[in-house]
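Welcome, and thanks for opening the viewer.

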Amino acid sequence: MGLPVSYSVRNVLARPMRSMMTAGVIALVVVAATLFLGLITSLKRTVAISGDPMNLIVMRKGSDNDGSSQLSLEAYQAIRFFDGIARDAADQPLASPELVVQPFLRTKDGGRENVLARGVEPVALQVHDKVRIVEGRMFQPSAGEAIIGRGVASRYADAELGKELQFGRGRWKVVGVFDADGSAFESEVWVDVRELANDAKRPFPYSGVRLRAASPTDLARLEKRIDDDPRYALDAQPEVEYYAKQSESANSLYVLVIGIAVLAGVGAGFGAANTMYAAVQARTAEIGTLRALGFSKRSILVAFQIEAIALALLGFAIGAVLSVLLALVLNALLGGIAFGAQTFTTNVITLRVSPSDLIGALGLALLVGVLGGLGPAWRAARLRPIEALRKA
Amino acid sequence: MEPVAAREPLIQILSVSRRYVRGVDEVHALENVSLSIAAGRFVAFMGPSGSGKSTLMNLVSGIDRPSEGEVLVAGQSLGELDEDELAEWRARHVGLIFQFFNLIPVLDARDNVALPLLLTDLAKSERLRRAETALRVVGLEERTDHYPRTLSGGEQQRVAIARAIVTDPDLIVADEPTGDLDARNAEAILELLRRLKNDFGKTIIMVTHDPRALRFVDHAFHLDKGLLLEGEDAERADRAVQLAAGGGLLSAAGAARPGGAA
Ligand SMILES: Nc1ncnc2c1ncn2[C@@H]1O[C@H](COP(=O)(O)OP(=O)(O)OP(=O)(O)O)[C@@H](O)[C@H]1O
Ligand SMILES: [Mg+2]
């Protein structure tokens with residue numbers, strides 16, 4: 001048997017100032033890592049979850065998002081009756097014509113941001129079946145009513161049931177709040193598509209159409225048929241693909257943040273190594289004593305490696321508590337965190353520190369401990385007992 | 001008392017030299033030293049600073065290896081053991097006592113004493129029980145949960161002695177165990193070591209500068225510049241120490257024979 005873990009842990013606690021300083025640096029890395037990971041996870045979730053595997057998004061050829069696409073009534077009427085589109089109980093095709101505009105809304109803290117307003121018909125709730133009204137009700141067509149996503153409700157002024165939002169030329173009474181499994185729809189305002197087209201004075205009534213295919217084979221067939229139709233120059237693509245493209249920016253952010261986290265981790269690793277080298281230096285005679293008593297090189301190596309890891313875990317514990325608190329505070333103060341997505345509208349993301357983000361940060365902290373401890377632990381193990389004892 | 005010759009020597013040091021390379025120089029810490037020490041004896045090693053006393057202790061306890069010659073303890077030639085085997089042998093057969101006590105500051109007295117037992121298969125409860133027994137032997141049963149910094153120097157050294165005997169080793173090696181203690185505490189430690197020899201039959205070898213130690217030991221070896229003093233030189237050195245201690249306290253019976261044996 002080697003030295004007990006308690007020996008290593010007690011040594012961390014035996015130099016509280018130095019340990020707390022190093023643990024504090026590791027804690028900062030942990031806070032940064034968890035918050036960024038949490039943010040990115042939420043961001044990826046909004047874009048990743050937005051796609052339904054059975055849905056097609058139809059836009060004008062050459063548009064890369066539905067904000068810049070336009071579609072005529074005629075085109076909509078034609079594709080609506082294509083074969084292979086799923087139908088509802090009343091045998092109506094699940095085709096949702098949609099118009100997207102990006103008006104400004106006032107935020108609660110007094111700023112102004114683009115928000116995505118989507119004009120839809122009631123069928124939209126069937127095509128986007130993740131969208132559920134959790135408060136109030138669906139809007140009535142031509143009544144100046146709106147329903148808003150949960151992210152909108154927490155972020156913008158007057159974004160609450162019974163109040164009126166002002167954008168475009170009109171006022172829109174909020175009659176419902178919806179939830180969409182954390183997807184990007186939660187950052188949108190939905191109103192009647194005809195009213196929105198009138199208000200925005202658009203030459204074309206729609207930006208695009210969303211179709212629900214009856215089966216995966218139908219999905220592929222529909223996509224090809226729409227792409228190949230010479231009449232309207234339209235482009236169909238699976239919703240999942242469309243959002244995957246949109247999330248590429250989130251992915252590059254992910255890589256960037258992981259890079260920063262690793263760099264910060266390396267810095268913290270040097271801090272931990274430094275502290276541990278100092279510990280080895282200060283305890284040279286003690287190491288010599290342990291070796292003289294018969295403890296092997298290996299048990300010295302392990303004890304100091306564990307000491308470095310214990311230091312990192314202390315940092316992780318402090319950092320984890322801090323980041324959970326910080327997430328709570330940030331969400332309460334800001335009502336979520338705004339992101340300009342490719343379409344320049346604001347995606348509102350609620351920052352959640354999830355267990356997986358914490359596990360990611362734990363991994364990073366452990367890496368800091370293991371790598372930071374490696375050198376000092378080796379130095380400790382390699383000390384020659386007779387020379388180490390002469391340091392007494 | 002048993003006749004000395006009837007006992008198999010516990011320690012045999014055969015033509016041992018230890019040289020250290022220091023830059024381009026070579027330091028001859030020990031030069032061709034031969035001696036033997038019988039089991040159950042309490043012997044002192046004396047000599048000026050740098051004469052090789054600590055070097056010899058390190059060789060006998062297997063912390064260091066000779067450049068030449070052979071060290072045998074209880075018939076085991078230490079040169080035949082590799083590093084790990086030597087560490088294991090040490091854990092089982094040698095109890096070490098240091099000048100500066102060398103207790104582990106983050107462990108209380110009981111855990112410090114129980115430390116060498118971590119290298120055995122004993123269960124934790126048994127380890128702690130034995131540690132408490134050892135602390136009772138050194139008279140510190142009241143201090144089991146004290147940390148080293150809350151103990152006096154004399155108490156710390158007694159904890160270290162408890163740690164040295166907890167594995168019930170044949171041999172105790174002490175390098176200046178009283179070097180950092182005042183006169184009263186030093187005598188108490190010497191008395192305790194003598195009791196370990198008398199009551200438990202331990203063999204004890206001790207480095208000391210303290211002339212009063214002569215009252216407690218069976219024999220004193222003298223080293224000078226890496227050489228073991230023998231014959232006339234040894235007797236002269238003995239007399240010098242006795243003089244320093246204030247008179248003939250060492251019995252002639254303990255005097256070294258040629259070749260050095262105790
Ligand atoms: N690890 C080492 N490297 C180089 N030289 C050493 C080493 N250990 C001891 N020496 C040298 O060997 C000689 C004997 O040293 P040793 O420590 O055995 O002396 P000592 O008799 O114990 O002295 P003291 O009474 O001061 O403790 C000294 O000259 C010392 O400097
Ligand atoms: Mg010495």
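Start by selecting A:Phe178, A:Phe185 and A:Trp190, which ring pairs link into a cluster. Keep in mind as you look around that this is a predicted model. Across all chains, the structure holds five aromatic pairs.

**Next stop: two tyrosines**

Now select A:Tyr76 and A:Tyr206. These two form an edge-to-face aromatic pair, with 5.2 Å from centre to centre and 70° between the planes. Colour the chain by secondary structure to see where each partner sits: A:Tyr76 belongs to helix α3 (residues 73-80) of chain A, while A:Tyr206 is in the loop between α6 (193-200) and β11 (208-212) of chain A, so their pairing ties together parts that are 130 residues apart in sequence.

**Then: a stacked pair**

Move on to A:Phe167 and A:Trp172. Their ring centres are 5.3 Å apart and their planes meet at 15°; planes under 30 degrees apart count as stacked, so this pair is stacked. With the surface still on, check both partners: A:Phe167 is buried, its relative accessible area being 4%, and A:Trp172 counts as buried at 3% relative accessibility.

**Last stop: a charge over a ring**

Finally, select A:Phe82 and A:Arg225. What sits over the ring of A:Phe82? Here you will find the charged end of A:Arg225, 3.9 Å from the ring's centre.

How values were computed: Residues are numbered from 1 along each chain as its sequence is written. Chains are lettered from A and ligands numbered from 1 in the order in which they are written. This is a predicted model: local features need pLDDT of at least 70, side-chain atom pairs count only at pLDDT 80 or more; totals for chains, interfaces and linings use all residues. Side-chain values use heavy atoms; hydrogens and water are left out. Rings of Phe, Tyr and Trp (its six-membered ring) pair if their centres lie within 6.5 Å; planes under 30 degrees apart count as stacked, over 60 as edge-to-face and the rest as tilted. Helices (H or I, at least four residues) and strands (E, at least two) are DSSP runs, numbered from the N terminus. Buried means under 20% relative accessible area, exposed over 50%, partly exposed in between (1.4 Å probe, protein chains only). A charge sits over a ring if NZ of Lys or CZ of Arg is within 6 Å of the ring centre and within 35 degrees of the ring normal.
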